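Here are some notes for a first look at the model. Please keep the structure open while reading.

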Amino acid sequence: MIPVRLLALTAVCHIAAVAAVAQPAAGEASVETEGLAELSAHLTLVRTELEFVRREMGRPEHLRSEIRVLGAEARTIFAQALTLSRKADRLSFELARQRAPIPPLPTDPIEINHVPAMVDAVLERVRIVKTELGITEAAPEATGDPTVSSADLLRSMLQASRQLNLLLERRFSSSDVFQQVTVAISYTARLLQQFPDAEQIPDAPGFERFKRPSDVYLRLLDCFELLGEIARMSEVSTLDFEGHTEGIADLTSSDVYDLASLLVSELAYLDSRVASGKSPIDSYYPGRKLPSHTYQRVGILKDQLTQLVALVTTSPGWLTPLMPQ
C-alpha cells in the first residue's frame with residue numbers, strides 16, 4: 001500500500017511547482033468562464049454516476065451543510081480533483097480489484113482547463129464500479145453552467161468527496177490525515193529555512209486525549225487563517241473560508257483529510273516560490289493514529305505558521321517574484 005499512497009502525495013505536492021497564480025487579464029476572463037462551465041459538466045456526470053452507485057449499495061446520502069469557500073484558484077481545484085481521484089481509486093480497488101495510476105500531471109502553470117481530465121479519471125473509476133455492481137442506468141449528457149464560480153466547483157468536489165467516502169469499506173482515517181499533516185509540516189519547515197534564526201520543527205504541544213475529527217478540523221482552519229495572514233503580507237492569494245460552526249460536530253476524518261490536502265497544496269505552492277527546482281515532499285504512512293495524535297501533530301504546524309507570520313511581518317518581500325506569463 002505504501003507506494004500507492006506515496007504516489008498520491010507526490011502528485012498533490014507536484015502541482016504546486018507549476019501553479020502560477022497570475023490573475024486573468026480582461027481578454028482571458030471569458031476563456032476562464034468557459035473552462036469553469038466545462039468542468040461543471042464533467043463534475044455533474046461524476047456526481048450523477050456516484051448517485052447510481054450509492055443507491056445500488058444502499059449507502060446513506062451526504063446531506064450535511066458545507067463550510068463555505070470564499071474563493072479558489074485553479075491549483076486548489078486541481079488538488080481537490082486529485083483527492084477525489086484517490087478516493088475513487090480506493091473504491092474501485094475495494095469493489096472491482098482495479099487500480100489506476102494518477103493521470104499525467106501538467107508541466108505548464110495549472111489552469112482550470114487542466115482539471116476536467118483529472119475529473120474524467122474519477123469518472124472512469126466510478127464507471128468501473130458501476131459495471132462490477134451490474135448497474136445499467138446511464139447518466140444523461142450534462143451541460144456546463146455558465147454562471148458557476150470556482151468556489152462553487154470546489155464545494156461541489158468536496159461534496160462528491162464526502163459521498164465517495166461513505167461508499168468505502170475502508171474509509172479515510174486519522175492515519176491518512178496524520179500523513180498529510182506531516183507533509184504540511186515538512187513544507188513549512190522548508191519555508192522557515194528562509195529565515196536563519198527560525199526554529200524549523202518546534203516541539204510538539206502536550207498530548208490531549210478524547211479529541212474528535214472536528215477538533216482537528218478546527219485546528220486546521222486556524223492554520224488556514226495564519227496562512228491567510230502570510231499570503232496577504234506576501235501579496236499572494238490563498239484559499240479562504242467563511243467561518244461558521246454549523247455541522248462541525250458531525251465531521252469525519254475524511255472531511256479533515258480533504259482540508260489537510262488543500263492546506264498541503266497551498267503550502268507547496270509557497271514552497272515553489274522560494275525553492276524552485278526542489279523535489280516534492282513525501283511522507284510514509286504512519287500506522288494507526290487517533291484524532292488526538294493528529295490534533296497534536298497539527299499543533300506543530302500551527303506553531304510553525306505562527307512563527308512564520310512573525311517573520312514575514314518584518315520581511316514581506318521574502319517570496320520570489322513570479323516570472324511574466
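1. A cut-off comes first. A residue is called exposed when its relative accessible area is over 50%, and buried when that area is under 20%. The model is a predicted one.

2. Start with R97. This residue has a relative accessible area of 58%, so it is exposed. R97 sits in the loop between α3 and α4. Its phi is positive, about 55°, although R97 is not a glycine. The residue comes just after α3.

3. Where is E235? It lies in the loop between α7 (213–234) and β2 (240–241). With a relative accessible area of 75%, E235 is exposed.

4. Helix α3 covers residues 74–96, which makes 23 residues. From first C-alpha to last, α3 reaches 32 Å, close to the 33 Å expected at 1.5 Å a residue. Is α3 mostly covered or mostly open? It is mostly covered, with 20 of its 23 residues buried.

5. Two packed helices are described by the angle between their axes and the distance between the axes. For α3 and helix α4 (residues 115–133), the axes come within 9 Å and cross at roughly 15°. The two helices are therefore roughly parallel to each other. Their crossing is left-handed. By class, the contact of α3 with α4 has 17 nonpolar, two polar and three charged residues.

6. A second pair is α6 (residues 174–192) and α8 (residues 253–274). Their axes come within 9 Å and cross at roughly 20°. That angle makes α6 roughly parallel to α8. The crossing in which α6 passes α8 is left-handed.

7. Which residues of α6 and α8 meet? On the α6 side they include V177, V181, A184, Y187 and L191. Among those on the α8 side are V256, Y257, A260, V264 and L267. Polar and charged residues take part too: the contact of α6 with α8 divides into 14 nonpolar, five polar and three charged residues.

8. Last, α8 itself. This helix has 22 residues and reaches 31 Å from its first C-alpha to its last. That is close to the 32 Å expected at 1.5 Å a residue. Why is α8 described as largely enclosed by the rest of the structure? Because 22 of its 22 residues are buried.

Note on methods:
Residues are numbered from 1 along each chain as its sequence is written. This is a predicted model: local features need pLDDT of at least 70, side-chain atom pairs count only at pLDDT 80 or more; totals for chains, interfaces and linings use all residues. Side-chain values use heavy atoms; hydrogens and water are left out. Axes are lines fitted to C-alpha atoms, for helices over the stretch in contact, and angles run from 0 to 180 degrees between N-to-C directions. Helices (H or I, at least four residues) and strands (E, at least two) are DSSP runs, numbered from the N terminus. Angles under 35 degrees count as roughly parallel, over 145 as roughly antiparallel, 65 to 115 as roughly perpendicular and the rest as oblique. A crossing is left-handed if the near helix is turned anticlockwise from the far one by less than a right angle, and right-handed if clockwise. Contact means heavy atoms within 4.5 Å. Ala, Val, Leu, Ile, Met, Phe, Trp, Tyr, Cys and Pro count as nonpolar, Asp, Glu, Lys and Arg as charged, and the others, Gly among them, as polar. The expected span of a helix is 1.5 Å times one less than its number of residues. Buried means under 20% relative accessible area, exposed over 50%, partly exposed in between (1.4 Å probe, protein chains only).
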